[in-house]
Amino acid sequence: MASQVQASGKKRTKRRSTAQSMAAKQRSISVSEFFAKNRHLLGFDNPRRSLLTTVKEAVDNSLDACEEAGIIPEIWVNIEQTEPDRFKIAIQDNGPGILKRQIPLIFGKLLYGSKFHRLRMSRGQQGIGISAAGMYGMLTTGKPVKIVSKISIRKPAHYYELQIDTKTNNPQILNGRGDGLDIPPGEKGRAKFLKHKIDWESHYPIYEEDAEPKEIRSGTRVTIEIEGKYQKGRGSVDEYLEQTAIANPHVTLHFNDPEGTLHTYRRSTTELPPEPKEIKPHPYGVELGRLMTMLKEQKEGTISQFLTGSFSRVSPAVARRICEAAGVSTRSGVKKIERSQADAIYKAIQVTKIKNPSTDCISPIGEDLLLRGLHRVVPGEFYVAATRPPAVYRGNPFQIEVALAYGGVNSVQKVSMELLERLLEETDTRTLRQFMMNTFDGLGSDSADKIMKAGEFGSRQSPGKLDLSDRERLHHCMRNVNVSDGQSMQVMRYANRVPLQFKTRDCAITQTIMQTNWRSYGLTQSRGSLPSGPVRLMVHMASVWVPFTSESKEAIASYDEIQKEMRLGLQAVGRKLGIFLRRRKKVKQEGERRSVFLRYLGEVATAVSELNGCDREDLLSNLHRVAKRVTKEADTKLDKSGKKITEESEVDYGDNVLIVDADHEQNLITHLEKADPQKKLF
Amino acid sequence: MAKKKRTPAQAARKAKMTAKDRKTLASLVGMADGVMKSANRGRAPHLEVPSRSLSNVKFNQSRKIIEMGSAKNRRELFNLSQARTYMQTMLVGRGCKELIEQGKTTSIRGMYYLLKHTIEGTREETFDDQADCDPVIEDVEVTLNALREELHVYASNRGSMVGNITLVDNGDEINCARMGSGGYAIPSIVEPEIMQFVECTADFILHVEKDTVWRRFNEDKFWKEHNCILTHGNGQPPRGVRRLLHRMHNELKLPVFCLLDNDPWGYYIYSVMKQGSINLAYESNRMAIPKAKYIGMRSRDFELCDLNPSVTIKLSENDIKRANQIAKYPWFEKKKRWQKEIQKMLSNGFKLEVESLISKDISYVTQEYVPERLAKGDFLD
């Protein structure tokens, strides 16, 4: 740079470009082109994450479609490795299917969808996701997106192979001379599926012995081949599906991973979440620019009609008050509103008191289902859930739900030798310590250090350079070192039932958890960090419009109203956890107390009997009786094995708490109060 | 211990018991009966142990001794922090009974070894160390209102005596004027049953702080020249020394004079001898000598005796703190001369040991310092 400046000082430089020559190069950019270049904005920045994003977008779409059509969702996820760094991903649902003419547009055009223009709670928002995944596949492998969709058991299924023309953001159909392929229903169709080598799950799997296989009436299957990387651990497909199963207890998921293992998460309820209603925007949530666009779109009528008709919670009386404050006649025509008047109306809206939007447009998971979902997937001893009443930020209704599971074993202790070996091969971390912290969720640095120390591994030991005996030693240490102390809380974040897996630190959920004081609830926590302990926490935000920090939808933006609701939810579950932990501590202390007394009773009895010549055994049995009475609290908690603690009815946790007997492998439910969240909320 | 069988020899060794022994034994049995009674009724047994803390001592203005208040601490078996001490208290009671029945005495260290064993079925010891045991012995003393001697436990022998007195110790007649350079070692138990005074011609008692000073006086035959009894207690005098001084003071009507260092420690030794100690407040009335007098060293002696500055020792932070504490004790608070004395030491900023007088002359202390002050009656009360 410096040399250039010097050079320009010496002689006059040639003019580089003219306005004319520049104009020749100026042209519009297609959305597809933009996102093809900026794919990281959509979550396709590295191979591992691309794989996850692809699965995620497809599954989210399937769930949305099923729920909208009122079908209990069943989803098949198939990941197959075709080349060392290429994967074929197929996702099928039992949803309503897609009309033939819509298929190319939905999968082959960016920003085409049904969800952007309405205010309704759904997983997808923009209509970018699945088509972007297809485009990413095309860019990295050159393979088209394959779609099979069927809308009825009697109607033919449609098969398309699609590509996006990135220049024009339009779909190109590759098969059947640009018209796709129709597959008739019934036996004929089955032969055609086989002939064209099209995969299709035609029947539901059977769980009972002699049940008839049921045919899938409708649904959509999308297959995308992409460059990716399959790796277990944090931020993996496995984790995403597990978390999805927790937040969607009405969904059955079949996941066939690249190693050919089939994981099935079965639904725990057949009840669909209530259908969320679509609402009109609330005046408080509308910016000036949007207000002006809406005014422009409105072809006729008065300003009063416009306000009452386009917004929720604006009655004619409210509209009049807004107009009065803005100095605009209620009867002036929309067409005649000028820019300055629009500005006045916008300002008037802000100062006028308007009722909060109705909140029946969001459907929370509900405390009962949260507990069930969490209990089904996460091992633990104590579960508690809290659904907050709906609240509003920037005119958008939203609702926060929090659920917590305490206890259970960390994944690090469940890992098998084979899995560990594979994890060690797959990892790209530099040190063993990093490997453990990144692979196993909730394993804090302290615990990792403990394991390293127990195994006498060097601090800079590379995970790739372990020989067999080292690996066995590591496995042994991981299983046997007590890691529950140093464990940090594992947080599962959800927005509209979709798990969020990246950008943990940026998220309002994580920030709120760290700001909450967990010490008063019996957990340890250093300032400004997550609390430690064997705790799994899930936080769900349901809203018609979740404020994400970016298009890849990974972190919720921190609005004060949202953080406040989260805090209240966290405190609600925290209090219950505190009761449980204190109670447990007390029981443990009582037990210890008794053992202390019993230890000394023999000595006391001997001394006394030698002093006054009384019968030692008599005295001892009397003293034992007193000891039992004094420490009877420990007794009520002791069961046959002599150490187990079971809660009894005298502790009133209220509803929404589930306590599981940790000693029983089957995880018996000992106490489950059904809560009806809907009734409570509205 | 529970399994320790009594050998026939032990049982046969039952010694003759004095009336006092029988009384002590009865109160020990009473303590055990209490445990049995409450256990039979299904109640949690407890002991009432008089509190031995500073908050439970009072200075009796008329008798001029420290007395123990009436505050008592409950020691409960079924209290997590007291269970172990409770068990230890019972063990000490049992140990004492064994000693009394056999007519033997032992030191507190012996008691510790007698009772120390591993609790059955655990890896816990009944007593971790001697420090674990000593306070429990004192607790038993106050609980039973029995003296340590009555429990057949004694402290270590510390302190010597020479002078014109003849006494009988455990049946042996001892003439303290013929004890050579070592002197007569004052035993821990000097009760009338053990020790009787036969003859005494001395006029007063001179108690010095340490062995070194005592030897100076003994070598110079100070006691012959001034017809007195010369004792030392090796620092803070043990019970035996204090009890013996108390007996000689009261039974033989001998005034007691103290020659101690000019430092907070010396002041406190004087305070203990005169008023009794906080820890053993319950024994004050048989140990304290309210009429004891303080000869020296005094703060003013530095100028008075024209001492060399190099023999002074700088006061430490701790010394200053302690001096201020002592100045606030109720038995010093109202004595103007003592307040002046302590203030003088603090303003001096140094302390003086008795040995510093040797810098004047080896026998300055025996030939000039003490005789001069005795003659003038110049001492602190």
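Analyst: Buried area is the accessible area (1.4 Å probe) that two parts lose on being put together, summed over both. The size of an interface is often given in this way, as the accessible area lost when the parts come together. Here the model is predicted, so local features need pLDDT of at least 70 and side-chain atom pairs count only at pLDDT 80 or more, while totals for chains, interfaces and linings use all residues. Residues are numbered from 1 along each chain as its sequence is written, chains are lettered from A and ligands numbered from 1 in the order in which they are written, and side-chain values use heavy atoms, with hydrogens and water left out.

User: What area is buried between chain A and chain B?

Analyst: About 2500 Å², with 69% of it given by carbon and sulfur atoms. On the chain A side, Tyr600(A), Glu603(A) and Leu611(A) lose the most area to chain B, together 28% of what that side buries. Contact means heavy atoms within 4.5 Å; by that rule 24 residues of chain A are in contact with 35 residues of chain B.

User: How many salt bridges cross the interface of chain A and chain B?

Analyst: A salt bridge is a side-chain nitrogen of Lys or Arg within 4 Å of a carboxyl oxygen of Asp or Glu. The rule finds two across this interface. The side chains of Arg599(A) and Glu124(B) form a salt bridge, at 2.2 Å from N to O.

User: Which elements of chain A give two or more residues to the side that touches chain B?

Analyst: Helices (H or I, at least four residues) and strands (E, at least two) are DSSP runs, numbered from the N terminus. The elements in question are helix 20 (560-612) and helix 21 (616-630) of chain A. Helix 20 of chain A gives the most, with 14 residues.

User: How is chain B divided into domains?

Analyst: Domain bounds come from an automatic or database domain assignment. For chain B it gives domain 1 (8-154) and domain 2 (160-376). Their centres, taken over C-alpha atoms, are separated by 32 Å.

User: What do domain 1 and domain 2 of chain B bury between them?

Analyst: About 1900 Å², 64% of it on carbon and sulfur atoms. In domain 1 of chain B, Phe59(B), Ile66(B) and Glu149(B) lose the most area to domain 2 of chain B, together 31% of what that side buries. The contact joins 22 residues of domain 1 of chain B to 23 residues of domain 2 of chain B. Three salt bridges are found across the interface of these domains. Glu141(B) and Arg239(B) form a salt bridge, with their closest N and O atoms 3.2 Å apart. Strand 3 of chain B supplies the largest share of the domain 1 side, four residues.

User: In what order do the six strands of the open sheet in chain B run?

Analyst: Two strands pair if DSSP finds at least two bridges between them. The order is 10-7-13-12-14-15, with mixed pairing. Strand 10 (184-185) and strand 15 (293-296) of chain B are the edge strands, each pairing on one side only. Strand 14 (residues 256-259) and strand 15 of chain B pair in the parallel sense over three bridges. Leu259(B) has Gly296(B) in strand 15 of chain B as its bridge partner.

User: Which helix packs on the sheet and touches strand 12, strand 14 and strand 15 of chain B?

Analyst: Helix 14 (residues 364-376) of chain B does, and its direction makes about 140° with that of strand 15 of chain B. Axes are lines fitted to C-alpha atoms, for helices over the stretch in contact, and angles run from 0 to 180 degrees between N-to-C directions.
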